[in-house]
Amino acid sequence: MAEASWKLHKQRADFSAHLHDWKVPLTTIESSAWLCQRYNKDGQEEKRNKHLKQIQSAVADLKMDFQNWQVWNEPNSLKDYQCLIIRDFVEKRIEALTPSLKKGQRLTYWHQGTETIHTDPYALRHILDNLL
């Protein structure tokens with residue numbers, strides 16, 4: 001009985017952590033959609049496109065989260081370890097996060113060291129997003 005209670009507690013805690021990860025892109029989608037509606041005049045295409053890119057990026061993040069959530073919660077499951085070219089991976093994350101930067105902000109990345117790593121891209125994406 002205690003083991004079943006512990007498993008339920010762990011599942012709730014894991015779900016709560018993922019729920020927090022999902023709130024951020026959902027809030028991005030909601031606020032960007034609202035702003036897109038407000039930028040409906042000629043000459044505001046650039047602002048509208050910025051928010052559309054944020055929506056696309058947030059939806060892609062959610063899709064990846066939903067696809068990987070089950071894998072991370074299955075006991076004894078093999079994680080999706082891949083050989084990644086770190087420079088390409090980080091540059092794609094920066095590109096995805098760039099639309100959400102405020103005016104005057106920029107992300108700069110330079111690389112030193114090994115070119116490839118063997119890791120789970122889902123976990124690495126979350127690490128980078130939390131750091132940035």
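# Contacts, burial and a pocket

Q: What does Lys50 touch, not counting residues up to four places away in sequence?
A: Lys50 touches Pro99 and Leu101, with residues up to four places away in sequence not counted; contact means heavy atoms within 4.5 Å. Lys50 and Pro99 are 49 residues apart in sequence, and their C-alpha atoms are 5.9 Å apart in space. This is a predicted model, in which local features need pLDDT of at least 70 and side-chain atom pairs count only at pLDDT 80 or more, while totals for chains, interfaces and linings use all residues. Residues are numbered from 1 along each chain as its sequence is written, and side-chain values use heavy atoms, with hydrogens and water left out.

Q: Why does Lys50 count as partly exposed?
A: Buried means under 20% relative accessible area, exposed means over 50%, and partly exposed is in between (1.4 Å probe, protein chains only). Lys50 has 35% relative accessibility, so Lys50 counts as partly exposed.

Q: How many helices and strands are there in the protein chain?
A: The protein chain has 4 helices and 2 strands. Helices (H or I, at least four residues) and strands (E, at least two) are DSSP runs, numbered from the N terminus. Along the sequence the pattern is α-α-β-α-β-α. Lys50 has its place in helix α2.

Q: Why does Ser32 count as buried?
A: Ser32 has 2% relative accessibility, so Ser32 counts as buried. Ser32 lies in helix α1. With neighbours within four places in sequence left aside, Ser32 is in contact with His51, Gln54 and Ile55. From C-alpha to C-alpha, Ser32 and His51 are 5.0 Å apart in space, and 19 residues apart in sequence.

Q: Why does Gln82 count as partly exposed?
A: Gln82 has 30% relative accessibility and therefore counts as partly exposed. Gln82 is in strand β1, residues 82-85. Not counting residues up to four places away in sequence, Gln82 touches Ile117, His118, Thr119 and Pro121. Between the C-alpha atoms of Gln82 and Pro121 there are 7.1 Å, although the two are 39 residues apart along the chain.

Q: What makes up the largest nonpolar core?
A: Leu84, Ile86, Phe89, Val90, Ile94, Leu124 and Leu128 are the 7 residues of the largest nonpolar core. Such a core is a set of buried Ala, Val, Leu, Ile, Met, Phe, Trp, Tyr and Cys residues joined through side-chain atoms within 4.5 Å. At least two residues of this core come from each of α3 (86-97) and α4 (121-131), and α3 gives the most, with 4 residues. As for Leu124, residues up to four places away in sequence not counted, its contacts are Leu84, Ile86, Phe89, Ile117 and Thr119.

Q: How do we know on which side of α3 its buried residues fall?
A: The buried residues of α3 are Ile86, Phe89, Val90, Arg93, Ile94 and Leu97. Seen down the helix axis, they fall within an arc of 135°, so they line one face of α3. The arc is that of the directions from the helix axis to the C-beta atoms. Lys92 and Glu95, on the other side of α3, are exposed.

Q: Why is Arg125 called buried?
A: Arg125 has a relative accessible area of 3%, so Arg125 is buried. Arg125 is found in helix α4. Its contacts, leaving aside neighbours within four places in sequence, are Asp61, Met64, Asp65, Phe89 and Arg93.

Q: What lines the largest pocket?
A: The lining of the largest pocket has 23 residues, and Val24, Asp61, Arg93, Leu97 and Asp129 lie nearest its centre. Two or more lining residues come from each of α1 (2-38), α2 (45-73), α3 and α4. On a 1 Å grid over the protein atoms alone, a cavity is a set of points where a 1.4 Å probe fits but cannot get out, and a pocket is an open set with protein on both sides within 12 Å along at least five of seven lines; lining residues have an atom within 4 Å of a point.

Q: What share of the 132 residues in the protein chain do buried residues make up?
A: Buried residues make up 26% of the 132 residues.
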